[in-house]
Amino acid sequence: MTDFFARLRAGRSLALVLVAVVGAGLTGLSPFAPGSAAAQSLPAGYSQPAPVIVRNDLGGDVGAFANRIRAMAAAGQTVEIRGACYSACTMYLGLPGSCINRKSQFGFHRPSFYGVALAPEEFDFWSRVIAAHYPPALRDWYLREGRYSAGLRTISGAQLIDLGVAECHRA
């Protein structure tokens, strides 16, 4: 299932490089659900890799981000978001063990194909892929409001921490 999103994209008419963000569960499943490869425990004696520091990431292809995040979760990798994180970058918010800085800024907008609006079924599908990577309160907001914004809607790290996203306690 590692290349699930790559296969999905290949089967669709668009290569869908989405600089969009947010959504709700893909068929109601979390990408890190119990029983998934990403949720399995690490082998004994395995040391947790150092967190990846994310700063000023403008996002990119949603499917590629989803595959990267799934592989990171399977490896026990986490991220610390310390700067601007826009579009598909916000999908890191669902990576288990990851955290954010209060001063970080997060940008959300509708899924698109290089800025061009998607057909309704594509819009809904990719919105839900994105949203599946968000904590519940953010997922609800994105599906209700955020995914309809053509422009970038920013939310501070402090606001997301108030919604239950883990705060980083290191510099």
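In strand β2 of this predicted model, I81 is the bridge partner of V54. β1 and β2 (residues 79–81) pair in the parallel sense over three bridges. The chain has five helices and eight strands, and 49% of its 171 residues count as buried. From the N terminus on, the elements run α-β-α-β-β-β-β-β-β-α-α-β-α.

**Parallel sheet**

- Three strands form an open sheet in the order β1-β2-β4, with parallel pairing.
- The edges of this sheet are β1 (52–54) and β4 (99–100); each has a single partner strand, so one side of each is left without a neighbour in the sheet.
- Pairing between strands of a sheet runs through backbone hydrogen bonds, and the sense is either parallel or antiparallel.

**Helix α2**

- Helix α2 covers residues 62–74, which is 13 residues.
- At the start of α2, the backbone nitrogen of G63 has a side-chain oxygen of D61 within 2.8 Å.
- Just after α2, the phi angle of G76 is positive, at about 75 degrees.
- The buried residues of α2 are V62, G63, F65, A66, N67, I69, R70, M72 and A73.
- F65 also takes part in a contact with a charge: the charged end of R68 sits over the ring of F65, 4.5 Å from the ring centre.

**Disulfides**

- The structure holds two disulfides. With bonded cysteines counted along the chain, their pattern is 1-2, 3-4.
- The link of C85 and C89 is left-handed, with -110 degrees about the S-S bond. Both C85 and C89 are buried.
- Another disulfide joins C99 to C168, with an S to S distance of 2.0 Å. C99 lies in strand β4 and C168 in the segment after α5 (157–162), so this pair ties together parts that are 69 residues apart in sequence.
- The link of C99 and C168 is right-handed, with 100 degrees about the S-S bond. Both C99 and C168 are buried.

**Aromatic pairs**

- The structure holds seven aromatic pairs. Such a pair is described by the distance of the ring centres and the angle of the planes.
- The rings of F108 and Y134 have their centres 5.8 Å apart and their planes at 80 degrees; an angle over 60 degrees counts as edge-to-face, so the pair of F108 and Y134 is edge-to-face.
- F108 lies in strand β5 (residues 105–108), and Y134 in the loop between α3 (120–131) and α4 (136–144), so the pair ties together parts that are 26 residues apart in sequence.
- The cut-off for buried is under 20% relative accessible area. F108, at 0% relative accessibility, therefore counts as buried, and so does Y134, at 2%.
- F125 and W126 form another edge-to-face pair, 4.9 Å centre to centre with 90 degrees between the planes. Both F125 and W126 are buried.
- F108 and Y134 also belong to one aromatic cluster, together with W141 and Y142.

**Helix α3**

- Helix α3 has twelve residues, which should span 16 Å at 1.5 Å a residue; its end C-alpha atoms are 16 Å apart, so the two values agree.
- The buried residues of α3 are E122, F123, F125, W126, S127, V129, I130 and A131.

**G157 in helix α5**

- G157 is placed in helix α5.
- G157 has a relative accessible area of 0%, and therefore is buried.
- Although G157 and R82 are 75 residues apart along the chain, their C-alpha atoms are separated by 8.9 Å.

Methods. Residues are numbered from 1 along each chain as its sequence is written. This is a predicted model: local features need pLDDT of at least 70, side-chain atom pairs count only at pLDDT 80 or more; totals for chains, interfaces and linings use all residues. Side-chain values use heavy atoms; hydrogens and water are left out. Helices (H or I, at least four residues) and strands (E, at least two) are DSSP runs, numbered from the N terminus. The expected span of a helix is 1.5 Å times one less than its number of residues. Buried means under 20% relative accessible area, exposed over 50%, partly exposed in between (1.4 Å probe, protein chains only). A polar contact is a pair of N or O atoms within 3.5 Å; within protein, one must be able to donate a hydrogen and the other to accept it, and residues adjacent in sequence count only if both atoms are side-chain atoms. Two strands pair if DSSP finds at least two bridges between them. A disulfide is a pair of cysteine sulfur atoms within 2.5 Å. Rings of Phe, Tyr and Trp (its six-membered ring) pair if their centres lie within 6.5 Å; planes under 30 degrees apart count as stacked, over 60 as edge-to-face and the rest as tilted. A charge sits over a ring if NZ of Lys or CZ of Arg is within 6 Å of the ring centre and within 35 degrees of the ring normal.
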